[in-house]
Amino acid sequence: MEKIYSRSDVLLDANMGYCPGCLHGVIAKIVAEVIEELGIRDDTIAVLPIGCGALISSVLDTDAIIALHGRAPAVATGLKRTATEKFIFAYQGDGDLASIGLAEIMHAANRGENFPVLFVNNGIFGMTGGQMAPTTLIGQKATTAKSGRTPLEGYPMHMCEIISTLKAPVYIERCSLDSPQHILAAKKAIKKAFMNEIEGKGFSFIELLSNCPTNWSMSPQKSLEYMREHTIAEFPLGVYRDETAKED
Amino acid sequence: MSKLFMKGNEAIAEAAVRAGCRFFAGYPITPQNEIPEYLSKRLPEVGGAFVQGESELASINMVIGAAFGGTRAMTSSSGPGLSLKSEGLSTLAAAGFPAVVVNVMRGGPGTGSISGAQMDYLQATKGGGHGGFKLLVFAPSTVQEAVDLVYEAFDKSWEYMNPCLILADGFIGSIMEPVELPPFKEAKRQEFPVYTTRFFTDKPGRRMCATMIVNEAEQEQWNRVQAQRYERIAQNEVRAEEYMLDDAEYVIAAYGTSARVAKSAVRMLREKGIKAGLIRPITLWPFPYQCFKKLNEKQVKDILCLELSIPPQLIEDIKIGIEGRIPITAYGRSAGMIFTAEEVTEQVEKLVGKNK
């Protein structure tokens with residue numbers, strides 16, 4: 001029988017450590033596939049966050065550095081400015097990127113650093129146990145917003161829209177991981193963002209709407225339904241900027 | 001070799017370039033601004049990269065990135081900035097990464113005055129950050145010594161795979177003096193094996209750095225490796241200058257700019273027939289305790305701990321070295337106010353009077 005699909009070589013056969021139903025594993029898979037398809041495994045350095053995103057280090061067969069909380073874009077800047085032949089990408093969650101690391105992402109984007117940032121938005125602090133994130137929806141419960149987030153805690157921050165106010169970024173897209181169709185679109189976006197770095201085009205920002213069944217206190221299936229009904233409604237999917245499309 | 005007349009901060013920056021530094025990230029803060037200003041022009045000339053970081057935090061984290069890539073990298077700041085960088089400093093040490101950090105000290109806790117002072121001794125030497133890490137700390141007292149120590153700090157940092165701190169002060173940074181610059185070292189990116197890789201993958205060809213090691217036994221193992229590194233530095237790198245100490249009855253202990261004033265005071269006191277001497281720590285960590293341990297309590301009547309700091313900070317290490325055998329008196333100015341040699345002489349004369 002012909003083998004038409006198998007695990008990417010870039011994805012190690014190791015325990016990922018993610019909770020059942022968590023979509024981080026899907027990101028690890030599509031990132032590994034993109035790295036394999038582009039043939040850049042030995043040149044790749046993943047700059048990883050603090051939080052669940054860091055667990056990708058246990059399965060991704062590339063070099064990696066886990067940055068301090070929120071600082072991945074700064075670490076990636078120092079790395080890419082000096083190791084210019086390497087392929088660098090940053091991977092951050094919503095607490096990491098939109099809360100403690102807001103300055104670093106804004107300024108890396110504003111400088112148009114030549115690397116992509118993958119931003120995983122699941123509206124919650126996962127690893128620390130379900131605290132409110134800057135992207136938590138109004139009404140969504142968290143361990144630090146037990147009755148649900150109210151405007152007193154601020155409104156969900158829309159990072160694609162915020163980064164779209166800057167001149168330098170070349171590619172900004174928000175994707176979702178709630179369905180196979182959306183996952184394929186996300187993979188395509190990631191590949192395009194990675195190509196932008198390889199072609200020296202500059203800064204790309206891919207937001208990936210994700211889930212957290214454990215801290216949302218939902219079954220995996222229910223969490224997907226919640227994403228479709230609430231998360232995507234708050235965070236519209238789509239391309240927010242594509243300067244590269246104009247060039248092509 | 002010819003001498004140049006250079007301002008301390010610019011000389012520090014040029015010494016770094018000659019030591020092979022090819023990446024600098026920093027945030028504006030007085031009194032060190034000439035370092036980033038100089039390097040913003042100088043690094044691109046030699047194929048290096050300069051980034052004005054959006055913050056002290058970003059700057060030290062950019063250095064972490066450059067260091068991971070194998071580039072000789074540096075950042076500089078002053079006290080408040082060093083506080084902000086301390087998480088990054090802890091991480092550089094925890095990762096076992098080489099880098100050089102310069103603190104051009106200013107006056108006071110909080111924001112503090114922007115003039116030169118020596119207010120960050122304890123921060124520099126007692127692990128100014130979490131996790132009990134150590135930095136190899138050099139304290140220059142002249143512009144020439146600042147050049148020499150910065151030049152050497154890069155090698156030391158790579159020898160031990162540990163960050164080095166240059167603890168200068170606003171006076172050293174601002175003063176202009178003749179300096180002889182060292183030759184250019186070859187600036188080659190050099191990837192090094194990352195120790196923590198072994199905890200994350202069984203592929204030795206990969207480089208994986210994480211300073212969060214979830215497995216307790218592995219974290220403990222790594223902590224032991226780091227402690228051994230600190231032990232090696234403590235054994236090999238202690239440096240101090242001893243001046244007119246053989247027959248000294250009154251010993252001034254001072255580092256950096258304070259030690260320059262102290263040296264003049266020692267000479268003035270000798271002219272007056274007072275047997276004064278000086279111990280000048282050059283490495284603040286590891287501290288030259290031995291210089292103090294070997295002082296003979298039957299000969300030395302008093303020690304004056306002289307520092308541009310109020311309250312005194314250096315005195316904590318002198319106490320450890322003296323073990324209560326000899327009285328220690330602290331005299332300090334701070335916030336940009338500086339003692340004259342005459343003022344220091346008077347302080348020692350007071351001690352002489354007390355002992356009569």
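Two strands are taken as paired if DSSP finds at least two bridges between them, and the legends below apply this rule to a predicted model.

**View 1. The strand pairing that crosses from chain A to chain B.**
In β10(B), Cys209(B) is the bridge partner of Ile65(A).

**View 2. The open sheet to which both chains contribute.**
Eight strands make up an open sheet with mixed pairing, and their order is β9(A)-β7(A)-β8(A)-β4(A)-β3(A)-β1(A)-β2(A)-β10(B). The edges are formed by β9 of chain A (238–242) and by β10 of chain B, each of which pairs on one side only. Within the sheet, β4 of chain A (residues 116–121) and β8 of chain A (residues 204–209) run parallel and are joined by six bridges; for Val120(A), the bridge partner in β8(A) is Leu208(A).

**View 3. The interface of chain A and chain B.**
In this interface, 28 residues of chain A are in contact with 32 residues of chain B. The area buried between the two chains is about 2500 Å², and carbon and sulfur atoms give 59% of this area. Of the area that chain A buries against chain B, 22% is supplied by Asp63(A), Leu68(A) and Thr82(A), more than by any other three residues.

**View 4. Polar and charged pairs between the chains, and the elements of chain A that take part.**
Six salt bridges are found across the interface of chain A and chain B, and one salt bridge joins the side chains of Lys86(A) and Glu191(B), with an N to O distance of 3.3 Å. Ten residue pairs, with both residues at pLDDT 80 or more, are in polar contact across the interface of chain A and chain B. On the side of chain A that touches chain B, the elements giving two or more residues are β2 (63–66), α2 (72–82) and α4 (102–111) of chain A, and α2(A) gives the most, with seven residues. By class, this side of chain A has eleven nonpolar, seven polar and ten charged residues.

The contact takes 31 residues from domain 1 of chain B and 26 residues from domain 2 of chain B. About 2200 Å² is buried between the two domains of chain B, with carbon and sulfur atoms giving 55% of that area. Gln118(B), Met119(B) and Tyr121(B) supply 32% of the area that domain 1 of chain B buries against domain 2 of chain B, more than any other three residues.

**View 5. Polar and charged pairs between the domains of chain B.**
Three salt bridges are found across the interface of domain 1 and domain 2 of chain B. Arg280(B) and Glu145(B) form a salt bridge in which the closest N and O atoms are 2.8 Å apart. Across the interface of these domains of chain B, 18 residue pairs are in polar contact, both residues being at pLDDT 80 or more. Among the elements that give two or more residues to the side of domain 1 of chain B that touches domain 2 of chain B are α5 (121–125), α6 (143–160) and β8 (164–169) of chain B. This side of domain 1 of chain B comprises 17 nonpolar, eight polar and six charged residues.

Definitions and conventions:
Residues numbered from 1 in each chain as written. Chains lettered and ligands numbered in written order. Predicted model: local features only at pLDDT ≥ 70, side-chain atom pairs only at ≥ 80, totals over all residues. Heavy atoms only, no water. Contact = heavy atoms within 4.5 Å. Buried area = accessible area lost by both parts, 1.4 Å probe. Salt bridge = Lys/Arg side-chain N within 4 Å of Asp/Glu carboxyl O. Polar contact = N/O pair within 3.5 Å; in protein donor to acceptor, adjacent residues only side chain to side chain. Helix = DSSP H or I, 4+ residues; strand = E, 2+ residues; numbered from the N terminus. Nonpolar A, V, L, I, M, F, W, Y, C, P; charged D, E, K, R; others polar.
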